[in-house]
Amino acid sequence: TQSTWDTVHGYTPGRFLYTQMAEFPFLGNTSEPISVAFNKVAIKNPQFLAEHQGVKVISFFTHGPGIVFNTKRPVTSVEELGGLKWRVGGGMVNEISKVLGMNVTLKPAPDSYELLSGGVMDGTLFPAESTESFKIDKLIKHATTFPGGLYNTSFVFMMNQAKYDKLSADEKKAVDAISGEVAARMFGRGWDKVDRRATALMQANNVQIVKADAR
């Protein structure tokens with residue numbers, strides 16, 4: 001049985017309510033401070049942990065600021081989102097895209113390459129890191145950034161509760177020592193690093209990066 005793993009809250013629709021607070025637009029331009037703040041709020045308020053009964057929560061975190069990517073044309077306003085087909089994940093990003101009038105389909109992130117390369121979808125909403133991770137950096141032609149990000153995705157890093165309970169006192173102490181803010185900061189800092197690398201890769205591949213019109 002796997003001892004530790006992380007997961008996206010939005011991949012289980014209707015299960016997690018409170019964690020959506022970390023997915024709202026314009027929260028910040030980097031993952032680390034958002035992840036630390038999110039984890040701090042979640043750990044202090046028992047209703048967050050109540051949504052994770054049966055597992056040992058090690059930390060909460062988010063990815064970097066959400067960006068709009070597509071293979072067709074520059075997008076600098078809400079109106080220009082129309083007429084294109086978008087792949088989105090679950091959670092708050094789905095609600096945000098609906099408010100913006102986007103034609104969206106919920107699909108897992110690993111499906112993005114096939115959807116874009118085959119022309120089934122014209123674009124996707126991702127942090128910068130995902131363009132490299134899912135190998136779409138040579139498929140996308142346009143990226144639209146937003147001050148503070150269009151959205152974030154919340155994650156939980158957790159451990160099998162039964163496995164934790166069987167650990168020795170010293171082992172539990174070691175797990176606890178890297179839990180909470182320590183892990184949140186580590187995940188956030190790591191995500192920011194790969195976001196920067198992916199942005200450089202996009203620039204090298206001549207992806208046109210524009211800022212969304214404030215209107």
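Which residues make the nonpolar surface patch of about 300 Å²? The close-up views below take up this patch, a helix and several charged pairs.

The model is predicted, with residues numbered from 1 along each chain as its sequence is written, and local features need pLDDT of at least 70, side-chain atom pairs count only at pLDDT 80 or more, and totals for chains, interfaces and linings use all residues. Side-chain values use heavy atoms, with hydrogens and water left out.

**View 1. A nonpolar surface patch that includes V41.** M21, F24, L27 and V41 make the patch of about 300 Å², where a patch is built from residues with over 30% relative accessible area and no salt bridge, nonpolar side chains (Val, Leu, Ile, Met, Phe, Trp, Tyr) being joined within 5 Å and like charges within 9 Å. Accessible areas come from the Shrake-Rupley method with a 1.4 Å probe, and for residues only the protein chains shown count as cover. V41 belongs to helix α1, residues 31-44, helices (H or I, at least four residues) and strands (E, at least two) being DSSP runs numbered from the N terminus. V41 is partly exposed because its relative accessibility is 32%, the classes being buried under 20% relative accessible area, exposed over 50% and partly exposed in between (1.4 Å probe, protein chains only).

**View 2. Helix α3 and the strands against which its buried residues pack.** In helix α3, residues 92-99, the buried residues are M92, V93, N94, I96 and S97. These buried residues pack against β4 (85-88), β5 (103-106) and β6 (123-126), contact meaning heavy atoms within 4.5 Å. G101, which follows α3, has a positive phi near 75°.

**View 3. Salt bridges of E32 with R185 and with R189.** The structure holds six salt bridges, each defined by a side-chain nitrogen of Lys or Arg within 4 Å of a carboxyl oxygen of Asp or Glu. In the pair of R185 and E32, the closest N and O atoms are 2.9 Å apart; R185 lies in helix α8 (residues 181-204) and E32 in helix α1, 153 residues apart. E32 also meets R189 in a salt bridge, at 2.9 Å from N to O, and because E32 lies in α1 and R189 in α8, this pair ties together parts that are 157 residues apart in sequence. E32 is buried at 14% relative accessible area, whereas R185 is partly exposed at 30% and R189 is partly exposed at 48%.

**View 4. The salt bridge between K56 and D176.** The closest N and O atoms of K56 and D176 are 4.0 Å apart, and the pair links strand β2 (residues 55-62), which holds K56, with helix α7 (residues 169-177), which holds D176, 120 residues apart. K56 is partly exposed, with a relative accessible area of 21%, and D176 is partly exposed at 37% relative accessibility.
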